[in-house]
Amino acid sequence: MKITDFVYSALIGFVASCRSMTPMAALAAARIAGRDTSGRLLLLDRPLFKFGALAMGIGEIFGDKMKSAPDRTVFLGMSARVASAGIAGAALAPRGEEKTGAAIAISAAVPLACVTLAARKKAMAGMGQTRSGLIEDTLIVAIGAAVVFFATRPNRM
């Protein structure tokens with residue numbers, strides 16, 4: 001295995017650092033579209049989890065614009081990032097290397113959450129919470145969708 005085999009796991013970790021539910025929502029959308037991951041992803045093959053992940057991804061986007069939304073580095077936010085990055089990183093890793101993919105995604109998500117929070121706070125000071133959030137959402141959802149698209153392949157069934 002080469003380290004470049006885990007680039008998608010690292011990138012999805014970056015996505016999780018900004019939006020904890022976007023990696024799972026992107027993978028759920030890929031599954032609904034009939035795309036397969038290289039790593040095993042049993043959880044999102046169940047309809048309840050698949051559609052739940054989509055709903056949580058959408059809900060997070062709206063919830064982030066609320067004035068009462070907590071920072072992404074609070075305990076629950078970091079826990080969600082670890083879980084989401086781990087599952088998505090494993091799914092995008094080469095088959096048989098799921099644990100390594102999960103570890104790489106988590107290793108990217110946790111420290112980058114602090115970096116991306118600092119960037120978001122700076123943007124909020126200049127343009128406000130809603131506007132900066134919409135810009136961040138657009139970028140992160142697009143990056144997440146692109147990572148998952150390029151890391152998955154059409155189902156051959």
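Biologist: Before we start, what counts as a pocket here?

Modeller: A pocket is an open set of grid points with protein on both sides within 12 Å along at least five of seven lines. This is a predicted model, so the grid runs over predicted atoms.

Biologist: OK. What volume does the largest pocket have?

Modeller: About 410 Å³.

Biologist: How many residues line it, and which lie nearest the centre?

Modeller: The lining has 20 residues. Asp64, Ala69, Pro70, Asp71 and Arg72 lie nearest the centre of the largest pocket.

Biologist: Which helices supply at least two residues of that lining?

Modeller: Helix H3 (47-63), helix H4 (75-91) and helix H5 (98-127) each do. The largest share comes from H5, with 4 residues.

Biologist: And the lining by class?

Modeller: There are 8 charged, 7 nonpolar and 5 polar residues in the lining of the largest pocket.

Biologist: New topic. How many aromatic pairs turn up in the whole structure?

Modeller: The search finds 1. Phe149 and Phe150 form that pair, and the geometry is edge-to-face. Their centres are 5.3 Å apart, with 80 degrees between the planes.

Biologist: Why is that edge-to-face?

Modeller: Because the planes are 80 degrees apart, and over 60 counts as edge-to-face.

Biologist: Is Phe150 buried or exposed?

Modeller: Phe150 is exposed, at 58% relative accessible area. Phe149 is at 47%, so Phe149 counts as partly exposed.

Biologist: Last one. What is the average pLDDT?

Modeller: The protein averages 91, and 99% of the residues score at least 70.

Biologist: Where is confidence lowest, and where highest?

Modeller: Strand E2 (residues 153-154) is lowest, at a mean of 88. Helix H1 (residues 7-18) is highest, at 97.

Terms used
Residues numbered from 1 in each chain as written. Predicted model: local features only at pLDDT ≥ 70, side-chain atom pairs only at ≥ 80, totals over all residues. Heavy atoms only, no water. pLDDT = per-residue confidence, 0-100. 1 Å grid on protein atoms, 1.4 Å probe; cavity = no way out; pocket = protein on both sides within 12 Å on 5 of 7 lines; lining within 4 Å. Points joined across faces, edges and corners; volume = space filled by probe spheres on them. Nonpolar A, V, L, I, M, F, W, Y, C, P; charged D, E, K, R; others polar. Phe/Tyr/Trp six-rings, centres within 6.5 Å; stacked < 30°, edge-to-face > 60°. Buried < 20%, exposed > 50% of the residue type's maximum accessible area, 1.4 Å probe, protein only.
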